Amino acid sequence: MFGGQVVPPSNSPHLRKSDGEQGNTEMEGLLHSTESNDLKIPSLPISTAAIMPSPILLWRFKVLLFFLWGFFCCKIGWDSVMRMSVNLRDLFLYEAFLYYNPLLLVTMMVWLWGVNLWVFAQSTISYAKIFDLDQNHLTHREIWKVATWMTIIVPISMTAYLYLYSHGEVSLAASQPVFLYCAVALILIFPFDIFYLSSRYYLLRTLWRIVFPLQAITFSDFFLADILTSMSKVFSDLERSVCRMVHRQVATIAWFEADSVCGSHSIGIPIILVLPYIFRLFQCLRQYKDTKEKTALFNALKYSTAVPVIFVSALKYHVLPDSWTNFYRPLWLLSGVLNSLYSFYWDVTRDWDLSCFTRIFKFNKPSLCSHLLHGRKWVYFWVIGSNFILRLAWTYKLSAHLRHNYLTVFTITALEMIRRFQWVFFRVENEWTKMSSKSNLQLSEISSEEDKLLAPSNHNV
């Protein structure tokens with residue numbers, strides 16, 4: 001009708017075919033649709049999901065490679081050490097440990113800082129606002145990427161050092177820590193826009209402000225300076241390592257003489273140990289000059305108590321044994337206890353402010369970590385107890401006359417970094433609470449001013 005094509009119903013008995021014919025028709029339709037899809041494929045982009053393996057599979061493969069790499073490094077290092085004579089083995093390990101343990105501890109600190117940032121990103125705390133960071137700041141994923149490369153490169157250099165020295169290639173072995181230290185320094189000051197240029201320069205600017213506190217102290221300035229006090233042993237070992245590189249004592253036993261220019265009795269050791277505390281003390285004095293708050297003076301007094309712990313300990317190598325036993329050793333013990341207790345008191349009452357212990361592990365999305373940590377009393381007891389014990393143990397590290405057992409000192413330094421890692425959570429939380437209260441107070445003041453301006457006037461015309 002009206003020139004239209006009449007389309008009979010598909011279920012008409014006149015159009016219904018036999019089973020064989022119906023199967024052939026379905027097969028033809030399937031082939032036709034397949035051909036049409038094949039013709040359309042070149043015009044569509046190839047999906048990367050069909051080519052690339054799943055992220056979980058890639059992650060497992062990377063973990064497997066990482067463990068294989070760690071196994072081979074340990075195997076080569078162990079075989080290299082076993083090739084040496086028993087008399088030289090301990091001396092050689094002590095020297096190798098001196099060059100590489102500072103960078104290993106720095107790597108550990110970078111990993112822990114990534115964990116800090118991950119928790120901050122999950123919680124209600126805006127760490128970018130606290131540290132005044134721009135949108136290009138490094139996230140926890142990028143921090144972990146840097147830590148991963150450090151975890152790979154530093155042990156590779158150490159394994160090469162052990163292998164080359166044990167096989168008689170002393171000059172090549174001596175060049176390994178030198179190349180590594182030079183590479184780290186060049187990466188930090190590299191002027192081109194690679195390797196996170198803005199973040200590297202932010203770090204260098206903050207370090208400059210710490211060394212020369214000629215301007216108002218910001219939160220990031222004294223926050224990083226506090227972390228540097230926990231790494232004073234790292235800087236001391238770096239100084240000794242660079243000293244031996246400059247005097248060409250790497251891969252030799254000449255440096256083992258305690259009274260040599262780079263020996264364990266060097267005056268440079270207590271000077272480098274005390275520098276982070278001196279920088280922090282000057283920051284407190286600058287803060288008092290700007291704010292006139294007496295709290296800054298008490299904080300400066302706290303950092304000054306670390307000075308006698310360091311220098312009285314160094315006097316053991318320059319005084320008579322009887323003088324050390326009868327006078328200087330009790331003085332060192334007294335100054336160590338005073339520094340530990342004062343620092344512990346300041347952590348709990350000033351840096352943390354336990355009355356505001358509410359936000360840090362309150363994640364935006366429910367998770368097992370937030371359920372186990374947020375608002376749990378055991379977290380508070382653990383943090384306070386471990387902070388007290390590790391504060392006392394930290395005095396051991398600051399004492400130069402107790403550093404002959406390098407494995408013990410390394411363990412205590414690593415524990416101090418874990419203590420600082422815990423400290424970071426609650427120190428940042430306390431600062432965020434202060435910033436939030438200030439912003440709320442300012443908003444209330446603004447609203448009250450607006451209410452006064454909008455209030456009806458009682459003047460009569």
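How many disulfides does the structure hold? I started my notebook with this one, keeping in mind that the model is predicted.

**Entry 1: the cysteines**

I looked for disulfides and found 0 in the structure. As a reminder to myself, a disulfide is a covalent bond between the sulfur atoms of two cysteines.

Next I checked cysteine 73, which is in no disulfide. Its nearest cysteine sulfur belongs to cysteine 74 and is 6.9 Å away. A pair has to lie within 2.5 Å to count as a disulfide. I then looked up cysteine 74, which is likewise in no disulfide, with the sulfur of cysteine 73 as its nearest at 6.9 Å.

Are these cysteines buried or exposed? Cysteine 73 counts as buried because its relative accessibility is 14%, and the cut-off for buried is under 20%. Cysteine 74 has 57% relative accessibility, so I noted this residue as exposed.

**Entry 2: the second largest pocket**

How much space lies in the second largest pocket? I wrote down about 820 Å³. The lining is made of 31 residues, and those closest to the pocket's centre are Phe222, Gln287, Arg427, Glu431 and Lys434.

H17 supplies the largest share, with 9 residues.

**Entry 3: what kind of lining?**

Last, I sorted the lining of the second largest pocket by class. I found 10 nonpolar, 10 polar and 11 charged residues there.

Conventions. Residues are numbered from 1 along each chain as its sequence is written. This is a predicted model: local features need pLDDT of at least 70, side-chain atom pairs count only at pLDDT 80 or more; totals for chains, interfaces and linings use all residues. Side-chain values use heavy atoms; hydrogens and water are left out. On a 1 Å grid over the protein atoms alone, a cavity is a set of points where a 1.4 Å probe fits but cannot get out, and a pocket is an open set with protein on both sides within 12 Å along at least five of seven lines; lining residues have an atom within 4 Å of a point. Grid points are joined across faces, edges and corners, and a volume is the space filled by probe spheres set on the points. Helices (H or I, at least four residues) and strands (E, at least two) are DSSP runs, numbered from the N terminus. Ala, Val, Leu, Ile, Met, Phe, Trp, Tyr, Cys and Pro count as nonpolar, Asp, Glu, Lys and Arg as charged, and the others, Gly among them, as polar. Buried means under 20% relative accessible area, exposed over 50%, partly exposed in between (1.4 Å probe, protein chains only).
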